[in-house]
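Student: Please take a close look at one part of this model for me: the place where the two chains meet.

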Amino acid sequence: MASPSFLPAGRLNLEIRTNLAMGRQMLILVGAALIGILVSAAILVAAGVPFGELLSEFVIQTLLDPASRQAVLAQAGPLVLVGLAGSVAFRTRFWNLGLEGQMIWGSIAATALSVFDFGPPGVRLPLMLAAAATAGLAWSGLAFYLKERFRVNEIISTLLLNYVALYLLLDLLYGAWQDPKDSFPHSPQFRDFERLPDWGWPIHGELLLALLATVAVFWLLSLSRFGLYIRFVHENKGAARALGVPVRAVMLASVLLSGALAGWGGFIITDVQEGRLTQSFFDGYGFSGILIAFLARNNPLAAAMVAVLIAVLFVTGQSLQIFYQIPFSMVQLIEAIIVMTVAASEFLIRHRLRWVA
Amino acid sequence: MDSVLELRAIRKSFAGFAALDGADFTLRRGEVHALLGENGAGKSSLMNVAAGLYAPDGGRILIGGREQRLGGPREATAQGIGMVHQHFHLVKPFTVAENILLANPRGRFSRGIETIEREIAFCTNMLGFVVDPHRRLDSLSVAEQQRVEIVKVLLGGATIIILDEPTAVLTDEEADGLLTTMRRLAAQGTAVVLVTHKLREVTRYADRVTIMRGGRHVAACDPKTMSTAQLTELTVGVALPSPVREKTARGELRLIVAGLRVEHETGRTALDGVGFQVRAGEIYGIAGVSGNGQSELVGALTGTTAVAAGDIWMSGAGHIADRPPAIRRSGGLAAIPADRYAQALAGGLSITDNYAVAGVMAGRYGPWGWLDRKAMAKAAAAAVRAFDVQGVRGLKQRAGLLSGGNAQKLVLARELAGDPVLIVAHGPSRGLDARACAAVHERLLAARARGNAVVLVSDDLDEVIGLADRIGVMSRGRIVAEFDAPADRQAIGRAMVDHG
């Protein structure tokens, strides 16, 4: 049967793409992120933020005002670390959803050194960093052990271990570690030599740490032999094993590194922002880490850049909270929308719509 | 002349590569029509166009003499065209009846399942085989799953049935059974397309053959009027010489396997006391009907399958039965596994990464902290040239984009680099066309000539007889007989089944 004449002759074909140039992929991803931002803007306008204010007040202010620029960078440090933590674990398809639990453990371990006044002041800070990394990796290593030994799915175990860590934290803050000075549920103030040094904007210990971690992870994943092994494990575990790649060791290393980075992330929030352990310092970072790794496609350099953009979102979200009484969960809503639009854009990377005459 | 399907000047490109370049094909009522060609000749692409899966870039499709445009597999089914793919499209946890009902709805589910069961019984009766409609798909053998696919397509009302390389997964006996059934179907008026690259099937079962090369049709004729040499020449362009096995001196012992036992998780014994020896400069062939322990033997040798008891000694690596693959490989073991995409290559990684990984592990491309990417790329480029890996647009291209034959050449290039002590090859030419197959055989013989020891496990008896110096026949997890070359085909065949 001939098609009616008012319809165009031809049809839309859905085809599978075999290969798409890197540049085009980036274009599609950025386009998708922009759509997500537009949708988010519409929601903010609906929530009562005047449209004209959105761009000028928040985005431009955040980037041009020195104080908020500093806040963005301060925010970026821990986000870079959790983003790297996510990327490293996801590279071996270990779905570490326990970044927050590992952050909490990192902070608890570092704070313990302060509470018990352990070690001479000169090496206190390095000791705290080591303790944070060790506690973080122990917590992610526990999930790895459960997976290897008892076949417990890590998505479940890492997620639930977050709650174990959280309630331990609350127990400490409402109990043994409660600040005796003001009886608030937070630990006593860190001493000066326990805080990361600030050599004047923008050279802050926190940023140096984030930068160092980024470079180290980049080296490990892209330049070292371990990087090639991890790519094989990611792509085809069976072939990797048959080729003699130490699959278990590679996975264990990536899981432990992920936990250590998250532990550091937790510690620097505690150390830089309040200078003491608080009960919700980790809020939103776990999900952000996953989001950053996802948007950066587990690439450490891209993760660092995405982390800075998310930091802008965090700082903007804080001003929204102050000026428009918009809850901070709006930030998480925006993150979720961007994840969805970017995830949906995968379809266009793998497929193509084409008009066939 | 009664042509039920005609494809004229079909063109189809994928990412700039012309898979079909003006292909023609004519199918008549009641015939078994073989579509013959090398890997990548465009056979499957052309049939996917006929089945409505690919929209052609150009050309015409005539069904029953009328031009049609197929908007998808559903429309092709409505026109009476059904295709059985190489990789089955079946839902594993469903029963046979549920799978068939899913593709061919029959009203309400509860009523439909009864209807479809009656139809299945009727159809299988007619075809002369048995399929239990209540069995779950994952409890069926590959041959049985294929029957389900055929019944599914026929109950969809197909008068044209396309089988894409149907015998690739079957034993000789199963293949003969299937093709006899197809002949019977054709005698009742169905048009059958048999996509294949096995000449034997073409000459024995097809009424006509269309030969394709490079995305075009080169000839259509009655295969009975052609000699095998003529058909081969039409398929590959020039006649290929069969491999020449020169006499070599056998050297020292390279592999001793003794009393090897492997057990499945289910407790079934897969290997039951396997023992044999292989010397340098020798190809030891293992023949047998597939599923008699060959995969487990290869796994035990390469270190991917756990050994329950027994000993494997390899010169240069010592007793390796319980050592991980890395130790074996650093001792000089090379492996060419049966499923190259699952066991030998990381499809998402580049050709360079896939080639160089073995050398990286041996420390040939820099220390732990540094990968010498330039040297890796250079070595990969040289290997791609030396082993004639085609379809490489760049070394950064994903290995998964290589066709079967070229992927296998890449694996060979990696595994045969250096001077392996022992090569374990499992079905190295499976799924490859005549030219790629010849290249693989040539490489194995060259390895033998330079003094490597080779264990060749293959379901293809001709391959084993053509290459091996000694042949062990496997049956029920044991080596039941050994033959020296030149071996008697009949005697081997008897050994394969007598103990089975």
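Tutor: Start with the term: two residues are in contact if their C-beta atoms, placed from the backbone, lie within 7 Å. This is a predicted model, where local features need pLDDT of at least 70, side-chain atom pairs count only at pLDDT 80 or more, and totals for chains, interfaces and linings use all residues. Residues are numbered from 1 along each chain as its sequence is written, while chains are lettered from A and ligands numbered from 1 in the order in which they are written.

Now the contact. Chain A gives 20 residues and chain B gives 29 residues. On the side of chain A that touches chain B, the elements giving two or more residues are strand 1 (11–16), helix 8 (225–235) and helix 9 (237–242) of chain A. Helices (H or I, at least four residues) and strands (E, at least two) are DSSP runs, numbered from the N terminus. Helix 8 of chain A supplies the largest share of that side, five residues. By type, that side of chain A has eight nonpolar, seven polar and five charged residues. Here Ala, Val, Leu, Ile, Met, Phe, Trp, Tyr, Cys and Pro count as nonpolar; Asp, Glu, Lys and Arg as charged; the others, Gly among them, as polar.

A:Asn298 is not a glycine, yet its phi is positive, near 60°. A:Asn298 sits in the loop between helix 11 (285–295) and helix 12 (300–324) of chain A. In chain B, a cis peptide bond joins B:Ala485 and B:Pro486, with omega about -5°. B:Pro486 lies in the loop between strand 20 (478–484) and helix 17 (489–498) of chain B.
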